[in-house]
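Here's a quick briefing to read alongside the model.

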Amino acid sequence: MIEKCIFAILIFIMKKTSFFEENSKSLLFIAAAIFILAAIALYYFASYLPGRADKAAAQMYKAEQYLGVDSLANKAINGEGGYPGFTQIADEYANTKSANLANLYLGGIYLRKGEYQKAIESLGKYSATGSPVADPLALGLLGDAYSELKDYAQAASNYKKAAEKASNKFTSPMFLKKLGLVQEQLKDFKAAEETYTKIKNQFPDSQEASVIDSYIARTAAEQGK
């Protein structure tokens, strides 16, 4: 039940910002979605955070309070008033679940700050946990960072993995649409058409499917030129 609620909030936040502004803007800031994970951090790790990891989780709550407030991003990263930031948590409590989550938070924050290489570095340290929310989100954030750096091949690779990581009618069609858009940037219109068609056929009830015919027509037209 909690996972379903997370999915709903995740999609709501993600869809508040357009992707590429119909190819004029390169990044859909799904980084905003990273901030909802703060609300479930305690639930997510409560059953298996012994000893040292418990301490990391307890210390991280202050940095989590700064999530979602752009003006407080540096405090979330570096800490304040004796409370460690996500950077310190990630470094000092390496190999704990909290450090892993801290790297995911850092990736989202750096992405919102426009520090795309730092976002890639932090997200690269995140290890998959089996979460149907966090794991595809980390891959999607990587895709966004690479998109902003115009490394569309890497972006496409990560969006494809994100769509497949936890296939569902919420995140999968969104990541597939993003994949199609970067494939268009790569001038691979045939692959983009196939990606958009997959949305139409496999996720017909998704919001993306309701407008996908125009994308399919566009890519088909590009192939006919």
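**Burial, contacts and an aromatic pair**

Ser122 counts as buried, as its relative accessibility is 8% (buried is under 20% relative accessible area, exposed over 50%, partly exposed in between, using a 1.4 Å probe and protein chains only). Bear in mind that this is a predicted model, where local features need pLDDT of at least 70, side-chain atom pairs count only at pLDDT 80 or more, and totals for chains, interfaces and linings use all residues. Numbering runs from 1 along each chain as its sequence is written, and side-chain values use heavy atoms, with hydrogens and water left out.

**Ser122**
- You'll find Ser122 in helix H7 (residues 116–124); helices (H or I, at least four residues) are DSSP runs, numbered from the N terminus.
- Leaving aside residues up to four places away in sequence, Ser122 touches Asn103, Leu106, Gly107 and Tyr110, where a contact means heavy atoms within 4.5 Å.

**Asp144**
- Asp144 sits in helix H8 (residues 134–148) and is buried, at 0% relative accessible area.
- Between the C-alpha atoms of Asp144 and Ile120 there are 9.5 Å, with the two residues 24 apart along the chain.

**Aromatic pairs**
- Searching the whole structure turns up two aromatic pairs (ring centres of Phe, Tyr and Trp, the last by its six-membered ring, within 6.5 Å; planes under 30 degrees apart are stacked, over 60 edge-to-face, the rest tilted).
- One of them is Phe86 with Tyr105, a tilted pair at 4.7 Å centre to centre and 35° between the planes.
- Phe86 belongs to helix H5 (residues 86–92) and Tyr105 to helix H6 (residues 97–113), so this pair ties together parts 19 residues apart in sequence.
- Phe86 is buried at 0% relative accessible area, and Tyr105 is buried at 0% too.

How values were computed. Helices (H or I, at least four residues) and strands (E, at least two) are DSSP runs, numbered from the N terminus.
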